[in-house]
Amino acid sequence: MQDSQLFLNGNIISMDPRDSRFEALAVENGRILRVGSNADMADLVKAGWPVTDLAGRTVLPGFIDTHQHLGLTGQVLNGIDFQDAETLDTVFEKVRETAEKTAPGAWVLGYTLQDSSLQEQRMPLKEELDAVCPDNPAMIVHSSWHMCALNSMALDILAPPVDLPGMDMGRDGNPTGVIRDPGAPDVIFPAVSSLTPVEVKLESFRKACEAALKQGITTLHCLEGGGFGPGDTRIVLENRDKLPVNVVLWNQVMDVEETVDMGLDRIGGCICADGAMNAYTAALFEPYLDQPDNCGTLNYTQEEMDAFVLASHKAGLQVAVHCETDRAIEQVLSAMEKAIAAYPREDHRHRIEHCEIPTWDQVERMGRAGILAGMQPAFMHYLVDMETYEKRFGMDRLRRLHPYRTMLKNGVIMTGGSDCPVTPHGPLVGIQTAVLHPILEERITPLQAIRMFTIDAAYSAFDEAERGSIEPGKIADLAILSADPTAVSPETINEIRVDKTIVHGKAVGEPRDGPAA
């Protein structure tokens with residue numbers, strides 16, 4: 001028996017090359033059969049097809065989040081959320097409450113702590129965590145995932161070497177409990193992840209997918225494995241058919257042979273060429289204004305990056321590398337340019353992830369080389385305070401912050417992601433933020449912003465023939481919204497309700513009621 005459905009009386013934004021809009025669409029066996037007017041569906045109505053009356057609601061292609069971490073998101077959903085913490089006292093109280101309900105010896109884990117949003121402007125110290133959590137190992141992860149704080153029991157269990165790069169030392173010569181790049185992502189996070197049983201990880205993966213569905217997301221680019229989750233790539237690969245969303249899997253390692261042997265087409269993600277701006281470890285050509293001796297951290301030599309990109313490109317893999325600021329972007333961009341020149345490939349679709357403060361020359365070169373920009377507009381909503389950033393970078397550099405309009409002018413295809421759990425899944429937050437960019441010259445239109453999370457996102461995974469727009473023959477991944485993001489006031493885009501998420505023709509998940517968290 002055929003599985004069929006009609007949607008009538010809608011505002012269907014197709015995201016096709018003509019930016020067409022339709023009133024109705026027909027879905028059959030998980031694919032779009034027909035788009036058009038209500039009248040165009042008269043024969044199907046007469047044939048008794050089930051009808052959903054959209055009552056003027058807007059239908060978009062299902063959103064695609066091109067940069068998020070399923071394993072890390074699941075961890076955060078199962079841990080303490082510090083996103084709204086304003087003082088260390090709040091942090092300590094939440095840790096105390098959790099520790100009291102946790103069996104002695106079990107880990108207490110907290111996430112999304114933004115030290116610059118705290119009154120004290122710093123991470124907690126081990127002695128402070130010891131006072132509220134004496135019988136459990138505790139780890140508090142910074143919102144950037146490039147820094148963490150551990151209590152004494154956690155330090156004893158993990159036993160990091162005293163010369164671990166990024167480990168803060170106190171005046172007494174002992175660790176403070178705060179660990180930054182590269183030690184936090186390279187050593188601490190993998191060690192903690194390895195202590196988590198597979199069945200617990202699988203359940204957290206499903207929980208993360210369900211959170212995404214509520215935001216109208218039907219495809220997740222899952223950047224797994226490597227230091228942030230050793231072995232997670234294979235777990236997702238072996239269980240992807242059990243997950244309720246379409247999965248595009250990136251192996252977040254530099255092991256080309258392993259990636260090819262797993263049958264994957266892409267490698268990378270948060271292979272971190274540098275650190276994070278909020279941790280003062282993003283790599284800059286010129287120093288941070290408020291830390292004049294600090295230009296951030298390059299985690300690889302040029303030779304190491306050249307060799308990795310060349311081997312990956314030569315093997316036919318799509319490559320993505322984390323680069324926040326100009327010096328890291330230069331390292332990876334030049335490596336990609338060299339690989340493309342040595343082994344020309346017409347359609348590589350390599351990506352530079354984050355690309356938050358590129359130079360104008362780098363943007364031009366990305367356009368010429370066909371290198372995509374994996375952007376996270378929500379960073380500016382959740383993480384960027386322009387007054388603080390001006391003190392940190394200066395206005396000349398800030399004019400290059402997330403240069404969306406400049407990228408479009410230079411032919412750089414941008415994809416939209418959240419980097420969840422760094423910021424929550426929420427395409428409508430990203431779309432609103434791109435439209436209301438704090439640098440007026442870099443603002444883009446709602447339709448251009450929607451492209452980042454639909455058709456251009458599909459293109460970035462070589463999936464534009466199947467997903468990303470509402471056209472006959474394509475998979476019926478849809479997001480039904482309470483209002484039109486291109487018609488409402490830009491300041492209210494994130495207030496639009498996701499009424500229904502449809503994956504492969506089937507309604508799934510629960511609707512999102514109101515703004516994302």
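I take helices (H or I, at least four residues) and strands (E, at least two) as DSSP runs, numbered from the N terminus, and in these terms I place Thr406 in helix H16, residues 404–409. I note that this is a predicted model, in which local features need pLDDT of at least 70, side-chain atom pairs count only at pLDDT 80 or more, and totals for chains, interfaces and linings use all residues. Residues are numbered from 1 along each chain as its sequence is written, and side-chain values use heavy atoms, with hydrogens and water left out.

**The chain as a whole.** I looked up the secondary structure and found 19 helices and 24 strands. The radius of gyration, taken over C-alpha atoms, is 23 Å, which agrees with the value near 24 Å that a compact globule of 517 residues would have; the globule rule is 2.2 Å times the number of residues to the power 0.38. Along the principal axes, the C-alpha trace spans about 80 × 55 × 45 Å. I count a residue as buried under 20% relative accessible area, as exposed over 50%, and as partly exposed in between (1.4 Å probe, protein chains only), and with these limits 57% of the 517 residues are buried. Taking a contact as heavy atoms within 4.5 Å, I note that, among contacts between residues at least 6 apart in sequence, 71% join residues at least 24 apart.

**Thr406.** I returned to Thr406, which counts as buried because its relative accessibility is 18%. Leaving aside neighbours within four places in sequence, Thr406 is in contact with Trp360, Val363 and Glu442. With Glu442 there is also a polar contact of 2.7 Å between the two side chains, where a polar contact is a pair of N or O atoms within 3.5 Å; within protein, one must be able to donate a hydrogen and the other to accept it, and residues adjacent in sequence count only if both atoms are side-chain atoms.

**Asp290.** I found Asp290 in the loop between strand E17 (266–272) and helix H10 (302–314), where a relative accessible area of 38% makes Asp290 partly exposed. Beyond four places in sequence, Asp290 is in contact with Tyr280, Lys391 and Arg392, and the side chains of Asp290 and Tyr280 make a polar contact of 2.6 Å.

**Gln252.** I placed Gln252 in the loop between strand E16 (246–251) and helix H9 (256–261), and I record this residue as buried, since its relative accessibility is 5%. A polar atom of the Gln252 side chain lies 3.3 Å from the backbone oxygen of Gly225. The residues that Gln252 touches, not counting those up to four places away in sequence, include His69, Phe228, Thr233 and Cys270.

I checked helix H6 (residues 183–193) and found it mostly covered, with eight of its 11 residues buried, among them Ile188, Phe189 and Val192. Pro182 is in the loop between strand E14 (175–180) and H6, and the peptide bond from Asp181 to Pro182 is cis, with omega near -10 degrees. The bond from Cys420 to Pro421 is also cis, with omega near 20 degrees, and Pro421 is in the loop between strand E21 (414–416) and helix H17 (427–435).

**Positive phi.** I noted a phi near 45 degrees for Ala159, which is in the loop between helix H5 (152–158) and strand E13 (167–169) and counts as exposed at 53% relative accessibility. His354 has a phi near 80 degrees; this residue is in strand E19 (residues 351–357) and is buried, with a relative accessible area of 0%.
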